[in-house]
Amino acid sequence: MDPIIRVESLHKSFRDLHVLRGVSIEVNRSEVVSFIGRSGSGKSTLLRCINRLEEPTSGEIWIDGVNIHEPYIDINKVRAEIGMVFQSFNLFPHMTAIDNIMLAPVCVRKISRQEAKERGLSLLEKVGLAEKANEYPEKLSGGQRQRVAIARALAMQPRIMFFDEPTSALDPEMVGEVLDVMAQMASEGMTMLIVSHEMGFIREAADRVLFLDEGKILEEGTPDDIFNRPQFPVTRDFLGKVL
Amino acid sequence: MATSYSSDALQRFSRKHIPLLYYIRKPIFLLISLALIIVYACFLPNPQETSAFFFYLNLSVLIAVLVCWCVIILADWEKPEYVKMLVAFFLLSMLALLFYRFSGADWARLIHFFFNFPIMKGSWHVLFRGLSTTVILSICSFFSCVFVGLLIAIVRSFKYHSVNLLITMYVDIFRSIPVIVLMVVLFFVFPFLGMYLNSYLTTFTALTLSYGAYTAETFRAGLETVSSGQVEAARSLGLSRWQTLRKITIPQAVPIVIPVLTGNMIAMMKDTAIASIVATPELLKSARELYTAKTSPTPLICAAIIFLAVLLPLVRLVNHMERRVNKSGPHY
Ligand SMILES: Nc1ncnc2c1ncn2[C@@H]1O[C@H](COP(=O)(O)OP(=O)(O)OP(=O)(O)O)[C@@H](O)[C@H]1O
Ligand SMILES: [Mg+2]
């Protein structure tokens, strides 16, 4: 079967800062891939390049077998199928939870407000926030905000989900509720790319772990391989600090 | 044990002297000094009977003492707010009274010249026609400069460097040219280039160009308050640039921008008065025509009052909106 994401020798520089130095990845359908690495190793930049929030300097990206740099590709349609969850939630503060969720289906998918609302409510229910539909984000706790953000991404019925440190901005007691939602998505067969420092969760949920160092994938393998038998001193060093 | 203290601490924490201000601030002292000041004011020497030097010396001393007395109360945070209000009012009315009594102005003549409202009979309609020109001109210019400003701010937010260079040049140049100069150039110089603008169009164009630059800056500042994370979240959901702008960025910028925009509107309305130099029959121009016709400056005063009556509510509105935006502390 074709990989759903294929990245080939991706490079990204910010002026003279060479952040990604040739990254190649293949991700299969329903696979949960986790990226770990030190701060500044380029994990966020990698995710952002794959849906072209950041324009890569060179390299090729195929989503579902299509090269997304071809001129006939509408990147908005590609992004609509890739949900993204951010460390800082980035909920729209001038909209209620349900409006946050309905926005993209109505604007991009052009479905009726009625239908979008029904779907939105069932998604809120799924993340355990049915009663918060009409709250504004400022009235929600961090964990609730992040769950609304996940529901917002899911409302577009994406085939792939990106998570960029979804629990790093949360108080410890709220991490669990977000990870539960993610674990459920993984079990439902969503393709997920996760940047996270929650090693316990990665060990449970990820099919594959990639260790990024200085803009390259230094090491990859099953969680068991990486956590228990790291090959490189850098990896061992990093794991020693976070585990 | 809990209430006792070591005498050493009492000594360490004590002042050497109780400050003079402590006694001065006592109500009894303030009341007595107030009485003295009022007596002093009543027995001020008559300027006709003493030397000018002696009179002005006394007057200055009185005013200095008066101001000091008020400042002592106004700067005392323990005095209640209504006392301070009264004191401020008292200070202003004392100063007004002294000015009225001793300034040597010829009040009757003054009123005859500047506040001779009866001569305005039958001419008010001229002023109100002027006002309507002013209002229509400002509203048209306002909408066109909002359009220009928003367009510029949006184009600028796309960060095309060469285009932004041009925009920056436009904004900087037109923010540094006085509106009056712009109008004169448009009206008197452009005809030599084969471009004839009548006085209305001149005013409209000058105000649009000049305030368009300010408005562009206002919108830019507003759009920049919306964090890049918001834009990224919207784009990652598949919204286009334009949808992101319409649904995410602009709605968040508007509450911040509106008060500033209304402030611009007020400034622009005042600046329509400049248009009288290119013979636009707006409020000031009408007032000046009446001034010539009636050989009395009263119409000018009337114009000032009309401006005040129209703009003061707008100024209050801006205040109110700003308070709503940064909901903090009292505003006066
Ligand atoms: N827009 C940008 N402009 C300039 N430099 C950037 C930009 N975005 C990221 N960088 C730089 O690229 C490097 C990698 O950043 P990135 O955010 O990908 O790291 P990361 O692995 O996600 O780190 P963290 O764990 O702290 O999130 C950093 O040195 C950062 O300063
Ligand atoms: Mg990051």
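## Confidence in the model

In this predicted model, chain B has a mean pLDDT of 88, and 96% of its residues reach 70 or more, where pLDDT is the predictor's confidence in each residue, from 0 to 100. Among the elements of chain B, the lowest mean pLDDT, 79, belongs to helix 1 (residues 7–13), and the highest, 95, to helix 11 (residues 228–236); helices (H or I, at least four residues) and strands (E, at least two) are DSSP runs, numbered from the N terminus. Over residues 328–332 of chain B the pLDDT falls below 50, and this stretch has five contacts in the model beyond near neighbours in sequence, a contact being heavy atoms within 4.5 Å. Where pLDDT is low, the predicted coordinates should not be read in detail. For the complex, the predictor gives an ipTM of 0.93 and a pTM of 0.78.

Residues are numbered from 1 along each chain as its sequence is written, and chains are lettered from A in the order in which they are written. Local features need pLDDT of at least 70, side-chain atom pairs count only at pLDDT 80 or more, and totals for chains, interfaces and linings use all residues, while side-chain values use heavy atoms, with hydrogens and water left out.

## Where the two chains meet

Between the chains, 23 residues of chain A are in contact with 16 residues of chain B. The area buried between them is about 1600 Å², of which carbon and sulfur atoms give 62%; buried area is the accessible area (1.4 Å probe) that two parts lose on being put together, summed over both. In chain A, Asn76(A), Phe92(A) and His94(A) lose the most area to chain B, together 27% of what that side buries.

One salt bridge is counted between chain A and chain B, a salt bridge being a side-chain nitrogen of Lys or Arg within 4 Å of a carboxyl oxygen of Asp or Glu. Glu232(B) forms a salt bridge with Arg48(A), and their closest N and O atoms are 2.7 Å apart.

## Two buried residues

Thr244(B) is placed in helix 12 (residues 241–271) of chain B, and it counts as buried because its relative accessibility is 3%, buried meaning under 20% relative accessible area, exposed over 50%, and partly exposed in between (1.4 Å probe, protein chains only). Leaving aside neighbours within four places in sequence, Thr244(B) is in contact with residues including Val231(B), Ala234(B) and Leu239(B).

Met174(A), in helix 6 (residues 172–187) of chain A, also counts as buried, because its relative accessibility is 15%. Met174(A) and Gly143(A) are 31 residues apart in sequence, yet 5.1 Å apart in space, C-alpha to C-alpha.
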